[in-house]
Amino acid sequence: MLRSLVRLQSHVRKPLGKVCPGSQLPLYSTAASERKKFYQDVSISQGEGGVFEINLDRRKLKTPGGKLFTVPNEALAIAVATEWDAQRDTLKFYSMHLTTLCNTAQDNPTERNKDAMISAALKFLDTDTVCYRVDEPNALVELQRNEWDPVLHWIENRYNVTIGSSSNILGPDIPEQTKDTFRQHLKSYNFWSLTGLEYVITQLKSVVLSLAMIDRHLSVEQAVLLSRLEEEYQIQSWGNVEWAHDYDTYELRARTAAGVLFVHLSSESSTVKRKLMQD
(Lines give C-alpha, C1' and ligand atoms only; values in the text may rest on other atoms or scores of the structure.)
Protein backbone atom coordinates (compact mmCIF):
# COMPACT_ATOMS: atom_id res chain seq x y z
CA MET A 1 0.00 0.00 0.00
CA LEU A 2 2.78 2.42 0.92
CA ARG A 3 4.40 1.91 -2.48
CA SER A 4 1.07 2.96 -3.99
CA LEU A 5 1.06 6.04 -1.75
CA VAL A 6 4.44 7.11 -3.08
CA ARG A 7 3.38 6.43 -6.67
CA LEU A 8 0.12 8.32 -6.27
CA GLN A 9 1.88 11.28 -4.68
CA SER A 10 3.67 11.81 -7.97
CA HIS A 11 0.25 12.34 -9.62
CA VAL A 12 -0.48 15.48 -7.53
CA ARG A 13 -1.00 18.34 -9.96
CA LYS A 14 -2.54 21.76 -10.21
CA PRO A 15 -6.32 21.94 -9.80
CA LEU A 16 -8.18 20.80 -12.86
CA GLY A 17 -10.50 23.13 -14.66
CA LYS A 18 -14.25 22.85 -14.27
CA VAL A 19 -15.68 19.68 -15.69
CA CYS A 20 -18.56 19.65 -18.11
CA PRO A 21 -21.95 19.01 -16.50
CA GLY A 22 -22.29 15.69 -18.26
CA SER A 23 -18.89 14.42 -17.14
CA GLN A 24 -19.30 14.68 -13.38
CA LEU A 25 -19.17 11.42 -11.49
CA PRO A 26 -22.48 9.86 -10.45
CA LEU A 27 -23.36 9.47 -6.81
CA TYR A 28 -22.52 6.07 -5.41
CA SER A 29 -23.71 4.05 -2.47
CA THR A 30 -21.57 3.41 0.61
CA ALA A 31 -23.74 0.42 1.50
CA ALA A 32 -22.82 -3.18 0.74
CA SER A 33 -22.95 -2.73 -3.01
CA GLU A 34 -20.72 -3.17 -6.05
CA ARG A 35 -20.55 -1.78 -9.56
CA LYS A 36 -18.37 -2.14 -12.62
CA LYS A 37 -15.21 -0.03 -12.52
CA PHE A 38 -15.61 3.02 -14.74
CA TYR A 39 -12.17 4.66 -14.60
CA GLN A 40 -8.51 3.87 -15.24
CA ASP A 41 -6.42 6.59 -13.64
CA VAL A 42 -6.57 7.92 -10.07
CA SER A 43 -4.87 11.16 -9.05
CA ILE A 44 -5.17 13.95 -6.52
CA SER A 45 -5.10 17.72 -6.98
CA GLN A 46 -5.09 20.67 -4.63
CA GLY A 47 -8.13 22.88 -4.76
CA GLU A 48 -9.08 26.26 -3.38
CA GLY A 49 -8.39 26.85 0.29
CA GLY A 50 -5.69 24.18 0.43
CA VAL A 51 -8.07 21.19 0.35
CA PHE A 52 -7.32 18.15 -1.80
CA GLU A 53 -9.56 16.49 -4.39
CA ILE A 54 -9.70 12.99 -5.88
CA ASN A 55 -9.77 12.69 -9.66
CA LEU A 56 -10.88 9.61 -11.57
CA ASP A 57 -9.83 9.92 -15.23
CA ARG A 58 -9.62 13.70 -14.74
CA ARG A 59 -13.17 13.83 -13.40
CA LYS A 60 -13.71 15.06 -9.87
CA LEU A 61 -15.12 12.69 -7.29
CA LYS A 62 -18.37 13.71 -5.58
CA THR A 63 -19.86 12.75 -2.23
CA PRO A 64 -23.20 10.89 -2.01
CA GLY A 65 -24.70 14.25 -1.01
CA GLY A 66 -23.54 15.81 -4.28
CA LYS A 67 -20.69 17.89 -2.86
CA LEU A 68 -17.24 18.04 -4.40
CA PHE A 69 -15.25 15.37 -2.55
CA THR A 70 -12.46 17.17 -0.67
CA VAL A 71 -10.19 16.24 2.22
CA PRO A 72 -8.24 18.61 4.47
CA ASN A 73 -4.70 17.41 3.77
CA GLU A 74 -2.51 15.61 1.28
CA ALA A 75 -1.77 12.52 3.38
CA LEU A 76 -5.46 11.65 3.69
CA ALA A 77 -6.01 12.37 -0.01
CA ILE A 78 -3.22 9.95 -0.94
CA ALA A 79 -4.69 7.26 1.33
CA VAL A 80 -8.17 7.66 -0.21
CA ALA A 81 -6.72 7.69 -3.73
CA THR A 82 -4.89 4.46 -2.93
CA GLU A 83 -8.22 2.94 -1.89
CA TRP A 84 -9.71 3.80 -5.29
CA ASP A 85 -6.58 2.70 -7.13
CA ALA A 86 -6.70 -0.71 -5.41
CA GLN A 87 -10.13 -1.53 -6.90
CA ARG A 88 -10.06 -3.98 -9.78
CA ASP A 89 -12.79 -4.75 -12.32
CA THR A 90 -15.52 -4.31 -9.72
CA LEU A 91 -15.78 -1.46 -7.23
CA LYS A 92 -16.49 -2.82 -3.77
CA PHE A 93 -17.78 0.28 -2.03
CA TYR A 94 -18.36 -1.61 1.23
CA SER A 95 -14.62 -2.20 1.52
CA MET A 96 -13.67 1.46 0.97
CA HIS A 97 -13.75 2.52 4.60
CA LEU A 98 -11.66 5.69 4.29
CA THR A 99 -13.82 6.97 1.46
CA THR A 100 -16.96 6.27 3.48
CA LEU A 101 -15.57 8.10 6.52
CA CYS A 102 -14.66 11.10 4.37
CA ASN A 103 -18.18 11.14 2.91
CA THR A 104 -19.66 11.00 6.40
CA ALA A 105 -17.46 13.81 7.68
CA GLN A 106 -18.13 16.04 4.69
CA ASP A 107 -21.85 15.41 4.15
CA ASN A 108 -22.63 15.04 7.89
CA PRO A 109 -25.94 13.31 7.06
CA THR A 110 -27.10 13.31 10.70
CA GLU A 111 -26.36 17.06 10.99
CA ARG A 112 -24.55 16.71 14.29
CA ASN A 113 -21.98 19.04 15.84
CA LYS A 114 -18.93 18.07 17.89
CA ASP A 115 -20.79 18.10 21.22
CA ALA A 116 -23.41 15.66 19.90
CA MET A 117 -20.72 13.34 18.54
CA ILE A 118 -18.81 13.40 21.83
CA SER A 119 -21.96 12.60 23.80
CA ALA A 120 -22.72 9.68 21.47
CA ALA A 121 -19.18 8.33 21.83
CA LEU A 122 -19.18 8.61 25.62
CA LYS A 123 -22.40 6.62 25.90
CA PHE A 124 -20.27 3.57 25.11
CA LEU A 125 -18.29 4.21 28.30
CA ASP A 126 -21.29 3.08 30.38
CA THR A 127 -21.39 -0.23 28.49
CA ASP A 128 -17.70 -0.55 27.67
CA THR A 129 -16.62 -4.03 26.60
CA VAL A 130 -13.73 -4.24 29.08
CA CYS A 131 -15.87 -3.07 32.01
CA TYR A 132 -18.48 -5.83 31.82
CA ARG A 133 -17.24 -9.02 33.47
CA VAL A 134 -18.73 -12.47 33.98
CA ASP A 135 -18.77 -14.24 37.34
CA GLU A 136 -18.49 -17.72 35.81
CA PRO A 137 -16.94 -19.91 34.50
CA ASN A 138 -13.75 -19.36 36.47
CA ALA A 139 -11.53 -19.78 33.42
CA LEU A 140 -13.26 -16.88 31.62
CA VAL A 141 -13.26 -14.76 34.79
CA GLU A 142 -9.51 -15.20 35.04
CA LEU A 143 -9.03 -14.57 31.32
CA GLN A 144 -10.92 -11.27 31.49
CA ARG A 145 -8.99 -10.20 34.56
CA ASN A 146 -5.61 -11.06 33.05
CA GLU A 147 -6.29 -9.52 29.64
CA TRP A 148 -8.59 -6.58 30.37
CA ASP A 149 -7.29 -5.29 33.70
CA PRO A 150 -3.90 -4.14 32.34
CA VAL A 151 -5.43 -1.90 29.65
CA LEU A 152 -8.06 -0.64 32.08
CA HIS A 153 -5.36 0.29 34.60
CA TRP A 154 -3.33 1.91 31.83
CA ILE A 155 -6.14 4.25 30.74
CA GLU A 156 -7.02 5.14 34.35
CA ASN A 157 -3.40 6.17 34.94
CA ARG A 158 -3.04 7.82 31.54
CA TYR A 159 -6.02 10.12 32.02
CA ASN A 160 -6.06 10.17 35.84
CA VAL A 161 -9.61 8.81 36.00
CA THR A 162 -11.56 6.05 37.74
CA ILE A 163 -13.52 3.58 35.60
CA GLY A 164 -13.55 0.14 37.22
CA SER A 165 -15.36 -3.02 36.20
CA SER A 166 -18.38 -5.01 37.35
CA SER A 167 -20.18 -8.29 36.78
CA ASN A 168 -23.47 -6.57 37.64
CA ILE A 169 -25.86 -6.25 34.71
CA LEU A 170 -25.91 -2.48 35.28
CA GLY A 171 -22.16 -2.28 34.83
CA PRO A 172 -19.73 -0.15 36.87
CA ASP A 173 -20.79 3.17 38.36
CA ILE A 174 -18.53 5.52 36.43
CA PRO A 175 -18.00 8.89 38.15
CA GLU A 176 -19.18 12.02 36.34
CA GLN A 177 -15.69 13.46 36.81
CA THR A 178 -14.33 10.63 34.63
CA LYS A 179 -16.84 11.42 31.90
CA ASP A 180 -16.02 15.13 32.13
CA THR A 181 -12.31 14.36 31.76
CA PHE A 182 -12.91 12.31 28.62
CA ARG A 183 -15.32 14.93 27.29
CA GLN A 184 -12.68 17.64 27.59
CA HIS A 185 -10.12 15.39 25.96
CA LEU A 186 -12.39 14.59 23.00
CA LYS A 187 -13.04 18.30 22.47
CA SER A 188 -9.40 18.60 21.40
CA TYR A 189 -10.19 16.52 18.28
CA ASN A 190 -11.43 18.22 15.14
CA PHE A 191 -14.73 17.23 13.54
CA TRP A 192 -13.15 14.83 11.06
CA SER A 193 -11.06 13.08 13.69
CA LEU A 194 -14.11 12.69 15.91
CA THR A 195 -15.93 11.07 13.00
CA GLY A 196 -13.20 8.44 12.82
CA LEU A 197 -12.93 7.98 16.58
CA GLU A 198 -16.67 7.46 16.99
CA TYR A 199 -16.53 4.91 14.17
CA VAL A 200 -13.75 2.98 15.95
CA ILE A 201 -15.61 3.07 19.26
CA THR A 202 -18.72 1.74 17.55
CA GLN A 203 -16.77 -1.13 15.99
CA LEU A 204 -15.19 -2.27 19.27
CA LYS A 205 -18.00 -1.15 21.60
CA SER A 206 -15.25 0.28 23.76
CA VAL A 207 -13.96 3.75 24.56
CA VAL A 208 -11.09 2.22 26.53
CA LEU A 209 -9.78 0.05 23.69
CA SER A 210 -10.28 2.78 21.11
CA LEU A 211 -8.31 5.41 23.00
CA ALA A 212 -5.61 2.84 23.76
CA MET A 213 -5.19 2.36 20.01
CA ILE A 214 -5.28 6.06 19.17
CA ASP A 215 -2.61 6.64 21.83
CA ARG A 216 -0.60 3.73 20.35
CA HIS A 217 -0.73 1.69 23.54
CA LEU A 218 -2.42 -1.18 21.67
CA SER A 219 -2.13 -2.38 18.10
CA VAL A 220 -5.25 -2.93 16.00
CA GLU A 221 -4.80 -6.70 16.26
CA GLN A 222 -4.52 -6.54 20.05
CA ALA A 223 -7.55 -4.28 20.44
CA VAL A 224 -9.73 -6.41 18.17
CA LEU A 225 -8.73 -9.56 20.01
CA LEU A 226 -9.52 -7.95 23.38
CA SER A 227 -12.90 -6.76 22.08
CA ARG A 228 -13.74 -10.36 21.09
CA LEU A 229 -12.30 -12.01 24.20
CA GLU A 230 -15.44 -13.83 25.31
CA GLU A 231 -16.18 -14.99 21.76
CA GLU A 232 -12.61 -16.24 21.38
CA TYR A 233 -12.96 -18.13 24.66
CA GLN A 234 -16.18 -19.77 23.46
CA ILE A 235 -14.51 -20.75 20.18
CA GLN A 236 -11.61 -22.32 22.04
CA SER A 237 -14.10 -24.27 24.15
CA TRP A 238 -16.68 -25.28 21.55
CA GLY A 239 -15.07 -24.72 18.16
CA ASN A 240 -16.15 -22.35 15.42
CA VAL A 241 -17.88 -22.33 12.07
CA GLU A 242 -15.20 -22.98 9.49
CA TRP A 243 -13.99 -19.77 7.72
CA ALA A 244 -16.78 -17.60 9.20
CA HIS A 245 -14.85 -16.72 12.35
CA ASP A 246 -11.73 -15.70 10.44
CA TYR A 247 -13.75 -13.63 7.98
CA ASP A 248 -15.50 -11.72 10.79
CA THR A 249 -12.20 -11.08 12.54
CA TYR A 250 -10.47 -9.82 9.40
CA GLU A 251 -13.41 -7.56 8.57
CA LEU A 252 -13.40 -6.07 12.07
CA ARG A 253 -9.65 -5.52 11.84
CA ALA A 254 -10.02 -3.80 8.48
CA ARG A 255 -12.76 -1.45 9.69
CA THR A 256 -10.93 -0.68 12.92
CA ALA A 257 -7.60 -0.09 11.20
CA ALA A 258 -9.24 2.26 8.70
CA GLY A 259 -10.87 4.20 11.52
CA VAL A 260 -7.61 4.59 13.43
CA LEU A 261 -5.77 5.64 10.29
CA PHE A 262 -8.52 8.15 9.52
CA VAL A 263 -8.20 9.69 13.00
CA HIS A 264 -4.47 10.16 12.60
CA LEU A 265 -4.56 11.37 8.99
CA SER A 266 -7.46 13.77 9.51
CA SER A 267 -5.35 15.57 12.10
CA GLU A 268 -2.23 15.14 9.96
CA SER A 269 0.82 17.34 10.24
CA SER A 270 3.74 17.60 7.86
CA THR A 271 5.67 15.34 10.26
CA VAL A 272 3.11 12.56 9.86
CA LYS A 273 3.14 12.96 6.08
CA ARG A 274 6.92 12.72 5.91
CA LYS A 275 6.90 9.60 8.07
CA LEU A 276 4.31 7.97 5.77
CA MET A 277 6.47 8.62 2.75
CA GLN A 278 9.59 7.27 4.50
CA ASP A 279 7.87 4.08 5.65
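Contact here means heavy atoms within 4.5 Å, and helices (H or I, at least four residues) and strands (E, at least two) are DSSP runs numbered from the N terminus. The model is predicted, so that local features need pLDDT of at least 70 and side-chain atom pairs count only at pLDDT 80 or more, while totals for chains, interfaces and linings use all residues. Residues are numbered from 1 along each chain as its sequence is written, and side-chain values use heavy atoms, with hydrogens and water left out.

The protein chain holds 12 helices and six strands. Of its 279 residues, 46% are buried, where buried means under 20% relative accessible area, exposed over 50% and partly exposed in between, with a 1.4 Å probe and protein chains only. Among the contacts in the chain with a separation of 6 or more, 67% are made by residues 24 or more positions apart.

The crossing of α4 and α7 is left-handed, a term used if the near helix is turned anticlockwise from the far one by less than a right angle, with right-handed used if clockwise. From α4, Lys114, Met117, Ile118, Ala120 and Ala121 take part, and they meet Phe191, Leu194, Thr195, Glu198 and Ile201 of α7. By class, this contact of α4 with α7 has seven nonpolar, one polar and two charged residues; Ala, Val, Leu, Ile, Met, Phe, Trp, Tyr, Cys and Pro count as nonpolar, Asp, Glu, Lys and Arg as charged, and the others, Gly among them, as polar.

On the α3 side the contact is made by His97, Leu101, Cys102, Thr104, Ala105 and Gln106, and on the α7 side by Phe191, Trp192, Thr195, Gly196 and Tyr199.

Thr195 is found in α7 and is buried, with a relative accessible area of 8%. Not counting residues up to four places away in sequence, Thr195 touches Leu101, Thr104, Ala105, Met117 and Phe262.

What of the nonpolar interior? In soluble globular proteins, nonpolar side chains tend to be buried together. A nonpolar core is a set of buried Ala, Val, Leu, Ile, Met, Phe, Trp, Tyr and Cys residues joined through side-chain atoms within 4.5 Å. The largest such core here has 70 residues, of which Ile54, Trp84, Ile155, Ile163, Phe182, Leu186 and Leu211 touch the most other members. Beyond its neighbours within four places in sequence, Ile54 is in contact with residues including Val42, Ile44, Leu61, Phe69 and Val80.

Lys179, in helix α6 (residues 176-186), is buried at a relative accessible area of 15%. Its contacts outside four places in sequence are Leu122, Leu125, Asp126 and Ile174, and the C-alpha atoms of Lys179 and Leu125 are 8.2 Å apart, across 54 residues of sequence. Lys36, in strand β1 (residues 34-36), is exposed at 67%. Lys36 touches Asp89 and Leu91, again leaving out residues up to four places away, and its C-alpha lies 9.1 Å from that of Lys92, 56 residues apart in sequence.

Most residues other than glycine have a negative phi, and most peptide bonds are trans. Asp57, in the loop between β3 (52-56) and β4 (59-60), has a positive phi near 50° and is partly exposed at 31% relative accessibility. Asn108, in the loop between α3 and α4, also has a positive phi, of about 45°. The peptide bond from Glu136 to Pro137 is cis, with omega near -5°, and Pro137 lies in the loop between α4 (114-122) and α5 (138-159).
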